[in-house]
Amino acid sequence: MIKEVKIVSKNFDIPNSHNIEVALKNGRYSSIDKLWSYNNQDIIDIVKDSGLRGKGGGGASAGDKWALMPLDGDKPNYLVINCDESEPGTFKDREIISKDPHLLIEGIIYSAYAINSHQAYIYIRGEYKEFQDILQSAIDEAYSKNFLGENIFNRGYNLDITIHRGAGAYICGEKSALLESLEGKRGHPRLKPHQKEPEWYFDNPTLVNNVETIASVPFIINNGAEAYKSYGTELSSGTLLFALSGHIKNRGVYEAEFGTSMMDYINHYGGGIRDNKKLKAVIPGGASTTILTAKEVENITLDYESLRAIGSSLGTGGMIIIDEDTNMVEALKNLVEFYHHESCGQCTPCREGSSWVDTIMKSILDGVANNRDIDKILEIANTMNGKTVCVFAPALADVIRGFILKFRDEFEGYIKVD
Amino acid sequence: MTFSSKNLQKIEQLKKKYPKVEALTLPLLWIVQYQEGYISLDAIKEVAKYCNKSAMEVYSVASFYTMFNLQPVGKYHIQVCKTLSCKLCGQEDIFSSLKNILDINTNQTTDDNLFTLSQVECLGSCGTSPVMEINDKYYENLTPQKVEDIINDLSKKS
Ligand SMILES: Cc1cc2nc3c(=O)[nH]c(=O)nc-3n(C[C@H](O)[C@H](O)[C@H](O)COP(=O)(O)O)c2cc1C
Ligand code: FES
């Protein structure tokens, strides 16, 4: 059964926990003294040892990424927090910034110190203005207590946090597109380098991490790498703010350790399928992860390796629950419209492919497509894979293949012409 | 278009937060949109002066982001989420009741310039869907009845 665990969500239910006095009473900023007893490299090593993995969807080792930052270069290092949160089915970072913003600020202090950065940016999606205001008030409180600014905690370290507001573009969640946007440009992803290196903000070394990744750091500094590793599985250590939306009784964000059985999670936190219907499918970690049938979900556990092994991925952990009455052709059309609208337009296979698939999907729903059109969609999906600057198009290709290969009879049900 | 003196002060503050003025492009476009209600070509030229860009470069940026209104919108800009989690939880009913109450279609503005209706992609509020955002405020767990009450309230206020 479920083992309840709250690392990042510990203070979510405490009234007014966004307020600094309440936050201080509930453990925020309590590991600061410990921080100063370490040097940069110590912290990077602790984070590496903890097995912390990026929680923005990719699951890259946080410590390995931090270690790419030059600690004694002559250029300034930047820390950028990704709060773009636009992956459909994902609404966890918003919980952190509105219910426990000081946890994020505390995490930023530790992380910035580790990579020797004095300026952090939080890139937040434009729609989140209400939550941005809560976060900004918390940052202002931290400044007034000298937790931020010059000579923080009287320790001779300077650190500024600036919130940068996006303006409605899903692709700006992709880290290099985010940095382009932060430089004042269109959000076009950059080509990936040949070897491992940091990201670059105006040609300065930069680390980009998701909100929840950084919010997990205070627990690790406070309790040590082993404490974090005691949760989760060997390769997916710790916890994630998994979430439930769609046809489920109790929708919401519930933290759980990696390795939890998906069905246990759905039943325990979600209370089962809405209206006591049968489960048909689950999109496991945000719209861009390959859909799973009810059968596939039966024995799956929530960790990176298990989902990878069945050809999907854990993504952001935001599960979209789909019941037996759902029309899968309409559901795919809905998602294709999303990708068609959000393609940044830079690469031809993505820009044109998403548009063609959208058009063909419409003709299927209109009853004017033939069987070859279904195969054509699969062919177009193939042209999108591995031929673009970022993984937006390959993700869309997987979404399309997942729906069509697993629910092809529903698509064929619409075919009325030869 | 010129920036208000309060906004000019804000811009001076913002300059200190970034290594290069080019980074001011999005923040300045936001300031314009709040000051003017939308972003005119004239405003784009003004923004360009502050961020070391040509007007065309600023326009290219402004037109990339869906939240920047390059045309005037109503006093209340309603953005209804149309993506999957909202669809599974009844967003179609919400959208059609908005269309009925306001008697407009998507991307249109009511004759009294009070409401503009847009359909947008996932608002990051899937757990409390269906949802819409009006200006900067979220309205969650919507029902057709709730939508009617919200629109009536806003109409009365104006
Ligand atoms: C199309 C696309 C959209 C993305 N959107 C987000 C997002 O909204 N938030 C996020 O944290 N990461 C997002 N990512 C992942 C980021 O590129 C990056 O891997 C992440 O921010 C790194 O932080 P992490 O290692 O802490 O997860 C996205 C990636 C892609 C390809
Ligand atoms: S799908 Fe509507 S808020 Fe996410």
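Q: Which backbone contact does an oxygen atom of ligand 1 have at Ser86(A)?
A: In this predicted model, a polar backbone atom of Ser86(A) lies 3.5 Å from an oxygen atom of ligand 1.

Q: And what is the distance at Gly56(A)?
A: There, a ligand 1 oxygen atom is 2.7 Å from a polar backbone atom of Gly56(A).

Q: What about the side chain of Lys65(A)?
A: An N or O atom in the Lys65(A) side chain is 3.0 Å from an oxygen atom of ligand 1.

Q: How much of the accessible area of ligand 1 does the protein cover?
A: On its own, ligand 1 has 610 Å² of accessible area, and the protein covers 89% of it.

Q: Which residues come nearest to the ligand?
A: There are 18 residues around ligand 1, and those coming nearest are Gly56(A), Asn82(A), Asn209(A), Asn210(A) and Thr213(A).

Q: How does that shell divide by class?
A: The shell around ligand 1 consists of eight polar, six charged and four nonpolar residues.

Q: Which element gives the largest share of the shell?
A: Strand β6 of chain A, residues 204-210, contributes three residues, the largest share.

Q: Changing topic: at what angle do α3(A) and α6(A) pack?
A: Helix α3 (residues 40-50) and helix α6 (residues 101-114), both of chain A, pack at about 115°, and their axes are 8 Å apart.

Q: Which residues meet there?
A: From α3(A), Asn40(A), Ile43(A) and Ile44(A) meet Tyr110(A), Tyr113(A) and Ala114(A) of α6(A).

Q: And by class?
A: The contact of α3(A) with α6(A) has five nonpolar residues, one polar residue and no charged residues.

Terms used: Residues numbered from 1 in each chain as written. Chains lettered and ligands numbered in written order. Predicted model: local features only at pLDDT ≥ 70, side-chain atom pairs only at ≥ 80, totals over all residues. Heavy atoms only, no water. Axes fitted to C-alpha atoms, helices over the stretch in contact; angles between N-to-C directions. Helix = DSSP H or I, 4+ residues; strand = E, 2+ residues; numbered from the N terminus. Contact = heavy atoms within 4.5 Å. Nonpolar A, V, L, I, M, F, W, Y, C, P; charged D, E, K, R; others polar. Near = heavy atom within 4 Å. Polar contact = N/O pair within 3.5 Å; in protein donor to acceptor, adjacent residues only side chain to side chain. Areas by Shrake-Rupley, 256 points an atom, 1.4 Å probe, with all protein chains shown as cover.
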